[in-house]
Amino acid sequence: MALALQDIKDYGRAEEYFRKAIEITKNLKGSELETAVSCVNLAHLIYETDNESEEINSLMEKSLAILENPAYFGYDKYAFTCLKCATSFGFFGFFAPNAMH
């Protein structure tokens, strides 16, 4: 829903839905990778509206911390999630050599 709202430039509602997704998944065991992706997506949304926001780095760091946590390396969608987020880490100037191991 958040991505659809972002596509139609309803940034306020998109941000609300990204934040809800993060809030739900961050405490739901097995959904940590979804949290990482939602953080990356929210960082892009914020960049579209305020590319100087300090929250962008915070969100990317939160995502990176999840992807670098060995507890999640065995998750079914781990490699897919890393691949999905890799371009964003490059875009925002993050380099995560350990996240793909």
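Modeller: Let's begin with axes: they are lines fitted to C-alpha atoms, for helices over the stretch in contact, and angles run from 0 to 180 degrees between N-to-C directions. Helices themselves are DSSP runs (H or I, at least four residues), numbered from the N terminus. This is a predicted model, where local features need pLDDT of at least 70, side-chain atom pairs count only at pLDDT 80 or more, and totals for chains, interfaces and linings use all residues. Residues are numbered from 1 along each chain as its sequence is written, and side-chain values use heavy atoms, with hydrogens and water left out.

Biologist: What makes α4 roughly antiparallel to α5?

Modeller: The axes of α4 (residues 55-67) and α5 come within 11 Å and cross at roughly 150°. Because of that angle, α4 counts as roughly antiparallel to α5; the label needs over 145 degrees, while under 35 is roughly parallel, 65 to 115 roughly perpendicular and the rest oblique.

Biologist: Which residues of α4 and α5 meet?

Modeller: From α4, Met-60, Ser-63, Leu-64 and Leu-67 meet Tyr-78, Thr-81, Cys-82, Cys-85, Ser-88 and Phe-89 of α5. Contact here means heavy atoms within 4.5 Å. By class, that contact has 7 nonpolar, 3 polar and no charged residues. Nonpolar covers Ala, Val, Leu, Ile, Met, Phe, Trp, Tyr, Cys and Pro, charged covers Asp, Glu, Lys and Arg, and the others, Gly among them, are polar.

Biologist: And why is α3 called roughly parallel to α5?

Modeller: Their axes come within 10 Å and cross at roughly 25°, so α3 is roughly parallel to α5. Among the contact residues are Leu-33 and Val-37 of α3 and Lys-84 of α5. The class count for this contact is 7 nonpolar, 3 polar and 1 charged.

Biologist: What makes α2 roughly antiparallel to α3?

Modeller: The axes of α2 and α3 come within 9 Å and cross at roughly 160°, and therefore α2 is roughly antiparallel to α3. Tyr-11 and Phe-18 of α2 and Glu-34 and Ser-38 of α3 are among the residues in contact. By class there are 9 nonpolar, 5 polar and 4 charged.

Biologist: How much space lies in the largest pocket?

Modeller: About 320 Å³, where volume is the space filled by probe spheres set on grid points joined across faces, edges and corners. Of 18 lining residues, Leu-33, Glu-34, Val-37, Ser-38 and Lys-84 are the closest to its centre.

Biologist: What makes an open set of points a pocket?

Modeller: On a 1 Å grid over the protein atoms alone, with a 1.4 Å probe, an open set needs protein on both sides within 12 Å along at least five of seven lines; lining residues have an atom within 4 Å of a point.

Biologist: Which helix gives the largest share of that lining?

Modeller: α3, with 5 residues.

Key: Helix = DSSP H or I, 4+ residues; strand = E, 2+ residues; numbered from the N terminus.
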